[in-house]
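Here is a short briefing to keep beside you while you look at the structure.

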Amino acid sequence: MTGYKFVNLSREEIEAMFEITLQETRVYREAKQEGLELGLELGRQEGIKQGREQAKRELIPRCLAYGIPIEEVARILNLTIEQVEQIRLASEQKSSTLT
């Protein structure tokens with residue numbers, strides 16, 4: 001097949017050559033569906049990642065309030081001590097502005 005000859009042509013050139021719009025083709029619809037599915041999967045993965053990070057941000061002040069040492073909180077949540085300390089400080093600042 002000579003499809004490789006079309007890689008340098010624009011969409012408009014190919015549409016003019018075949019007197020069709022690419023949106024009418026099965027290839028276009030399949031590629032669009034694959035793109036949508038990939039986008040949804042990437043969105044799900046990003047949402048899960050953000051959810052886990054949010055959960056950690058919410059757990060840190062609660063763990064510290066129960067007297068769990070910063071080092072232990074960091075180990076449990078797989079964070080550095082510096083990250084725990086930053087989140088603790090941000091949480092305290094947020095709490096002080098709300099009251």
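This is a predicted model: local features need pLDDT of at least 70, side-chain atom pairs count only at pLDDT 80 or more; totals for chains, interfaces and linings use all residues.

Helices here are DSSP runs of H or I with at least four residues, numbered from the N terminus. The notes below start with confidence, then turn to the helix contacts and a handful of single residues.

**Confidence of the model**

- The mean pLDDT of the protein is 89, and 95% of the residues reach at least 70.
- Among the elements of the protein, helix 3 has the highest mean pLDDT, at 96, while helix 1 has the lowest, at 83.

**How the helices pack**

- Two packed helices are described by the angle between their axes together with the distance between those axes.
- Helix 3 spans residues 70-77 and helix 4 spans residues 81-98; they pack at an angle of about 105°, and their axes are 8 Å apart.
- Angles of 65 to 115 degrees count as roughly perpendicular, and helix 3 and helix 4 are therefore roughly perpendicular to each other.
- On the helix 3 side of this contact you will find Ile-70, Glu-71, Val-73 and Ala-74, which meet Ile-81, Val-84, Glu-85 and Arg-88 of helix 4.
- By class, the contact of helix 3 with helix 4 has five nonpolar residues, three charged ones and no polar ones.
- Helix 2 also packs with helix 4, at an angle of about 85° and with the axes 9 Å apart.
- Helix 2 and helix 4 are therefore roughly perpendicular to each other.
- Helix 2 brings Arg-57, Ile-60, Pro-61 and Leu-64 to this contact, and helix 4 brings Val-84, Ile-87, Arg-88 and Ser-91.
- The residues of the contact of helix 2 with helix 4 divide into five nonpolar, one polar and two charged.

- Setting aside neighbours within four places in sequence, Glu-15 is in contact with Ile-20, Thr-21 and Leu-22.
- Glu-19 sits in the loop between helix 1 and helix 2 and counts as exposed, at 73% relative accessibility.
- Have a look at the backbone of Glu-19 too: phi is near 55°, a positive value in a residue other than glycine.
- Thr-25 is also in the loop that runs between helix 1 (11-18) and helix 2 (26-65).
- With a relative accessible area of 19%, Thr-25 is buried; the cut-off for buried is under 20%.
- The side chain of Thr-25 reaches the backbone nitrogen of Tyr-28, at 3.2 Å.

**Along helix 2**

- Gly-39 belongs to helix 2 and is partly exposed, with a relative accessible area of 41%.
- From Gly-39 to Leu-64 there are 25 residues in sequence and 38 Å in space, C-alpha to C-alpha.

**The loop between helix 3 and helix 4**

- Asn-78 is found in the loop between helix 3 and helix 4.
- A relative accessible area of 68% makes Asn-78 exposed.
- Although Asn-78 is not a glycine, its phi is positive, at about 60°.
- Which distance separates Asn-78 and Lys-56 in space, C-alpha to C-alpha? The two are 9.5 Å apart in space and 22 residues apart in sequence.

How values were computed:
Residues are numbered from 1 along each chain as its sequence is written. Side-chain values use heavy atoms; hydrogens and water are left out. Helices (H or I, at least four residues) and strands (E, at least two) are DSSP runs, numbered from the N terminus. Buried means under 20% relative accessible area, exposed over 50%, partly exposed in between (1.4 Å probe, protein chains only). A polar contact is a pair of N or O atoms within 3.5 Å; within protein, one must be able to donate a hydrogen and the other to accept it, and residues adjacent in sequence count only if both atoms are side-chain atoms. Axes are lines fitted to C-alpha atoms, for helices over the stretch in contact, and angles run from 0 to 180 degrees between N-to-C directions. Angles under 35 degrees count as roughly parallel, over 145 as roughly antiparallel, 65 to 115 as roughly perpendicular and the rest as oblique. Contact means heavy atoms within 4.5 Å. Ala, Val, Leu, Ile, Met, Phe, Trp, Tyr, Cys and Pro count as nonpolar, Asp, Glu, Lys and Arg as charged, and the others, Gly among them, as polar. pLDDT is the predictor's confidence in each residue, from 0 to 100.
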